[in-house]
Amino acid sequence: MLTLENIRYEQDGFVLRADFSLRPEARVAVIGPSGAGKSTLLSLIGGFITPQSGRLLWDGQNITQNTPSARPVANLFQEGNLFPHLSVYENAALGVNVSLRLSAAEKARVHGALERVGLAGFEARKPAQLSGGQASRAALARALCQDKPLLLLDEPFAALGPALRREMLDLVGEIATEHRRAVLMVSHEPRDATQFAQAVIVVAEGVAEAPQDTATLFAKPPKALRAYLGDD
C-alpha cells in the first residue's frame, strides 16, 4: 500500500498538500484544472521531486528519500520517452536493465511484454516507424518490463484519438488486473476516469484529495470538481 502522510510540497509560491493512502491493485484517476498539481503529485510519488515535509510510505517503509529507480513505481509519460536510435525491443528492454545486457529469461520477459501489448513482430523497428498507437504500446511494454507494483500514467494517451485512447485504457486495465498492479492515471478527460478508474483523486486549490469512488463522485461532485467540469 502507498501512503502519502502529511505531504507538503512548495516551489515558487505553488503549494501542494496530500494526505491519503492508495490501496493495492487500485485503479485511480487524477483529475483537476491545469496547473493544479496533478503531474506534481505523480512526480512526488515517482521520486523526481522531494516534499518539504511529510513522508511517502510503501507497505509501511519510508521511501521519501528513495531515488526513482529504488521505488516500487513504473512511469509512463505523455511523450512516451522512446529513444529514437533504439529498436522497439531495446526500448522495452531498458525496463529490465539499462545496460541492455539481458539473460535468456530477461529476454523472454521483454518478448512476452511486447507480445502482450500487440507488438510481436515489431521488435526491430525504430520509433519513427511506428504509429502513435504503436508507440504508446511500446512505452507500455517498457513499463510492464519494469515489473513494479505501481504504474504511474501522466496522460500517456492524450495525443491519441478517442477510440484508440479507449483501446489503450482497456489494455492498461487488463494488464494491471493480470499482473495485480495499482495504477494512478492523470487525465484531462473525465470520460477516461469513468471508463477506467474505480476511484478518483481531485487535485484543486493546492490539495490532492483522498481517492473517492468514481461513480459516487461524479453523481454528486464537490464544488472544485463542478468548476472543473463546467457544471457551476
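Author: Leu140 touches Leu76, Val117, Leu151, Met168, Leu171, Val172 and Ile175, leaving aside residues up to four places away in sequence, where contact means heavy atoms within 4.5 Å. The model is a predicted one, in which local features need pLDDT of at least 70 and side-chain atom pairs count only at pLDDT 80 or more, whereas totals for chains, interfaces and linings use all residues. Residues are numbered from 1 along each chain as its sequence is written, and side-chain values use heavy atoms, with hydrogens and water left out.

Leu140 lies in helix H4, helices (H or I, at least four residues) and strands (E, at least two) being DSSP runs numbered from the N terminus. Leu140 counts as buried because its relative accessibility is 2%; buried means under 20% relative accessible area, exposed over 50%, and partly exposed in between, with a 1.4 Å probe and protein chains only. Between Leu140 and Val172 there are 32 residues in sequence, and their C-alpha atoms are 8.0 Å apart in space.

Both residues belong to the largest nonpolar core, which has 45 residues and in which Val110, Leu114, Leu140, Leu151 and Val172 touch the most other members. Such a core is a set of buried Ala, Val, Leu, Ile, Met, Phe, Trp, Tyr and Cys residues joined through side-chain atoms within 4.5 Å. Helix H4 (residues 132–145) gives the most to this core, with 7 residues. A second, separate core of 29 residues includes Leu4, Leu22, Ala26 and Leu42.

The structure holds 1 cavity of 30 Å³ or more, and the largest cavity has a volume of about 30 Å³. On a 1 Å grid over the protein atoms alone, a cavity is a set of points where a 1.4 Å probe fits but cannot get out, while a pocket is an open set with protein on both sides within 12 Å along at least five of seven lines, and lining residues have an atom within 4 Å of a point. Grid points are joined across faces, edges and corners, and a volume is the space filled by probe spheres set on the points. The largest cavity is lined by Leu140, Leu151, Val172, Ile175, Ala176 and Arg181, and helix H5 (residues 162–178) supplies the largest share of that lining, 3 residues.

The largest pocket has a volume of about 430 Å³. It is lined by 17 residues, of which Leu94, Gly95, Val98, Arg142 and Gln146 are the closest to its centre. Strand E6 (residues 73–77) contributes the largest share of this lining, 4 residues.

Elsewhere, 7 of the 9 residues of helix H1 (residues 38–46) are buried, so this helix is largely enclosed by the rest of the structure. The buried residues of H1 are Lys38, Thr40, Leu41, Leu42, Leu44, Ile45 and Gly46, and H1 is followed by Gly47, whose phi is positive, near 90°.
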